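Work through the exercises below with the model open beside you. Try each task before you read its solution.

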Amino acid sequence: MKLIQSTTIAAVLAATALFSCKPKNSGSAVSGDAAAKAYVAPGKYDEYYNFVSGGFSGQMSVYGLPSGRLLRVIPVFSVDPEKGWGYSEETKPMLNTSNGFVPWDDLHHTEMSQTNGEIDGKWVFANGNNTPRLARIDLKTFKTAEIIELPNSAGNHSSPFGTENSEYIVAGTRFSVPSDDENGDVPINSYKKNFKGHISFVSVAKETGEMKLAFQLKTPGVNFDLARAGKGKSHGWFFFSCYNTEQASTLLEVNASQKDKDFIMAVNWKKAEEYIKAGKGKKVKAKYAHNKWNESTHSATSKMEEEVLVLDVKELKDIVYFIPCPKSPHGCDVDPTGEYIVGSGKLAALIPVFSFDKIQKAIADKSYDGDYEGIPVIKYDAALYGEVKKPGLGPLHTEFDGKGNAYTSFFVSSEVVKWNIKDLTVVDRVPTYYSVGHLSIPGGNTKKPSPKYLVAYNKITKDRYLPTGPELAQSAQIYDISGDKMQLILDFPTIGEPHYAQSAPADVIRNNGQLKIYKIGENKHPYVTTGEANAKVVREGNKVHVYMSSIRSHFAPDNIEGVRVGDEVYFHVTNLEQDWDVPHGFAIKGADNAELLIMPGETTTLKWIPKKAGMYPMYCTDFCSALHQEMQGYVRVSPAGSNVPLSFSLGKPVPETK
Amino acid sequence: MNIKPIAFLLIAATTLAVIACGGGGQKADSSASSAQEAPAATASSPSDYDPKRGEGKFDASNVTVGPLDQAMAAKGESIAATKCNSCHKMTEERLVGPGWKGVTTRNTPYWIMNFITNPDPMIEKDPKVQAQLELCLVRMPNQSLTDNDAREILEFMRKNDGAK
């Protein structure tokens, strides 16, 4: 049966190829057994979880590989009415910033936590690019557990890359700007004088994952783009690509492409730690939000931090070195051994590969080509292991298979190129459809890649799917890389826009102690309703607190009277279910808010300000049982100053009052 | 949520009693792990099912009842208030599920403890439970009771039924 299905799918794909007219004959790139390789039968699990940035949606999506099935969209930086994220009273503080409540961001990259250079399945980190933030998602709950804002930054693009034990997750500013403690009201053309870069090192507590902005490096004003930690022999170092060393503030498309070479910035963060121990850091005033989710109160808190420890790399020697890298480097990727650093100049037609050993020697020998704003610039040849010649056009990102090969995406020539690191020779190339950005191999950034699949995340979708008006689904493509030749096996659409992604073997995540329910006995929410006997409605001035419980299939209470126009009503809904996959929903007519989705054992609060007198139905929004459609109730709203007494009931109507 | 109980429930009520589900499927891809968790059940087919004992951890050897233990019943009462009484009244009156009055006279102690700790397999197999499902139309949820919780709730049910 399986054989017949696969053959049919393959035949359909082949037929499509015959009749379509696509650039590069894209259909024929799929060979006969592709469908079988991407097929995961009903009732079977995928082999990998794939955590994909949702780009301008602000969220993170989770797909199964190799099926490309969407498993979940985790709300991170943007509000999500479906899950009540940013709408429920408990989640609102998660989106607090020094600019107040910010309901959206642009999530670019994902980074899974590591232990000893391997993915450990505890957390996945994500960067907010617009209002600079860093988020930690807990992989036991698939929920955003923490968000920290980054001061002195603008455009947190060079993030959230981490070290081999997740000692630090970094956050490098894309835009250089005047520091937060200085007057930012200066002429834009004073860039060279007033604009500075800041690289944040955020530490991650081993057990809890709690993040702390440990220190920032203050650098010359340039644009920081991407980064990777050293590993193995280069553990203790971090590498950041930077562009706009021209320090342009306008028409960067032209003005930041003037120089033949920009830099990869090598950071000795162990040295930075030594300076901090020696008291060389400077505490600088800053204001940034630190938002944490509490799993026992089911609520977030937001704290405004007041200062940050800053190390000025111009004053403190031996922390930072610049390595020239051709043509506005974008990707800056370190191979599994930690020896090779691959720079990808997005306007270049070659790939330079730097050697960690040679960089160390160049520093020891002071093999410098002068300095850039006081930072030593290592001679290109002194750091270079070699160049991959004519690999393609516009290299962007590189991942590794742990078998001596690198895979680099080429935006301009729209392809993935596999090359041998030692020989610097191209081994295989395969087209993508179209204009690939990031690519991802499970563990492809770590010491131990799991090289079965490679996923390309493409910037242009064009003719890959049925047209949907001017805007099309975003597009990813899976390649089987288990053999010598890469083989395209599946296209799958994603939410927008997929930048970077990381994957982990399914077992690492599903066996990590996944939470299935919140134990009702451990619910410490201040407004919890532990059992229907405790359901009640309490008035405090113009605030009305409804302690409500839900279970298949009724709310308690479900008739409420005595609410008045001008009241603020808080529905604190506790889901009394204790079984996996039985959430209840809650919605009330006219609420200028969203629904609640309440997990088993959880308490969640919807704030509602009724604007006019009348009858307001409420109901469960998440299908829960055969009697789900019966799971409903009424709230009577009377005019301000009304004498209707506050009353509530379940099972028998509230006594009639006029 | 992903599983829509109504569809499953109606099918279960009408056909599952005859046709056993699960197991025996063809392995489509040896590299993909199976989504089917091994059932918590010990009995493997309806013919092995003992309607007096139910299915689960408990039987005559590990559940004994004696004179009413008031302290244990009080603990059971408090757990039931949170996890059970939204659907079950202490009288004979049916709310979402059947009233609890008389439950300990109709069932063995270990049947009760099996059902409240392991409802899903029993909903599929037990004739009495299936008859109740046709009346109530809501599957009894698994409320994640510990073994102790279950024993204490049993004691509370016994007290409600007049055990001394």
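This is a predicted model: local features need pLDDT of at least 70, side-chain atom pairs count only at pLDDT 80 or more; totals for chains, interfaces and linings use all residues.

**Exercise 1. A sheet in chain A**

Task: Find the order of the strands in the open sheet that contains β30 to β33 of chain A, and say which strands lie at its edges.

Solution: 
- Step 1. Strands of a sheet pair through backbone hydrogen bonds, in either a parallel or an antiparallel way.
- Step 2. Trace the order. The four strands of chain A run β30-β31-β32-β33, with antiparallel pairing.
- Step 3. Look for strands that pair on one side only. These are β30 (436-440) and β33 (487-494) of chain A, the edge strands.
- Step 4. Check the twist. From one strand to the next it averages 25°.
- Step 5. Zoom in on one pair. β30(A) and β31(A) (residues 453-458) run antiparallel and are joined by three bridges. Opposite Ser440(A) stands Val455(A), in β31(A).

**Exercise 2. One threonine**

Task: Decide whether Thr110(A) is buried or exposed.

Solution: 
- Step 1. Locate the residue. Thr110(A) belongs to strand β6 of chain A, residues 107-115.
- Step 2. Count its surroundings. There are 29 other C-beta atoms within 10 Å of Thr110(A).
- Step 3. Apply the cut-off. A residue with 20 or more counts as buried, so Thr110(A) is buried.
- Step 4. List partners beyond four places in sequence. Among the contacts of Thr110(A) are Phe51(A), Met60(A), Phe125(A) and Tyr500(A).
- Step 5. Compare sequence and space. Asn50(A) is 60 residues from Thr110(A) along the chain, yet their C-alpha atoms are separated by 10 Å.

**Exercise 3. The buried side of a helix**

Task: Find which residues of helix α6 in chain A are buried, and what covers them.

Solution: 
- Step 1. Phe356(A), Ile359(A) and Ala362(A) are buried.
- Step 2. Look down the axis. These residues cover an arc of only 120°, so they sit on the same side of α6(A).
- Step 3. Identify the cover. It includes strands β16 (261-268), β19 (320-326) and β21 (340-345) of chain A, as well as helix α7 (380-383).

**Exercise 4. Chain B as a whole**

Task: Work out how many helices and strands chain B has.

Solution: 
- Step 1. Count them. Chain B has seven helices and zero strands.
- Step 2. Write the pattern along the sequence. It reads α-α-α-α-α-α-α for chain B.
- Step 3. Check burial. In chain B, 33% of the 164 residues count as buried.
- Step 4. Check the contacts. Of those in chain B with a separation of 6 or more, 72% join residues 24 or more positions apart.

Technical notes
Residues are numbered from 1 along each chain as its sequence is written. Chains are lettered from A and ligands numbered from 1 in the order in which they are written. Two strands pair if DSSP finds at least two bridges between them. Helices (H or I, at least four residues) and strands (E, at least two) are DSSP runs, numbered from the N terminus. Axes are lines fitted to C-alpha atoms, for helices over the stretch in contact, and angles run from 0 to 180 degrees between N-to-C directions. A residue is buried if 20 or more other C-beta atoms lie within 10 Å of its own, exposed if 12 or fewer, and partly exposed in between; C-beta atoms are placed from the backbone. Two residues are in contact if their C-beta atoms, placed from the backbone, lie within 7 Å. The arc is that of the directions from the helix axis to the C-beta atoms.
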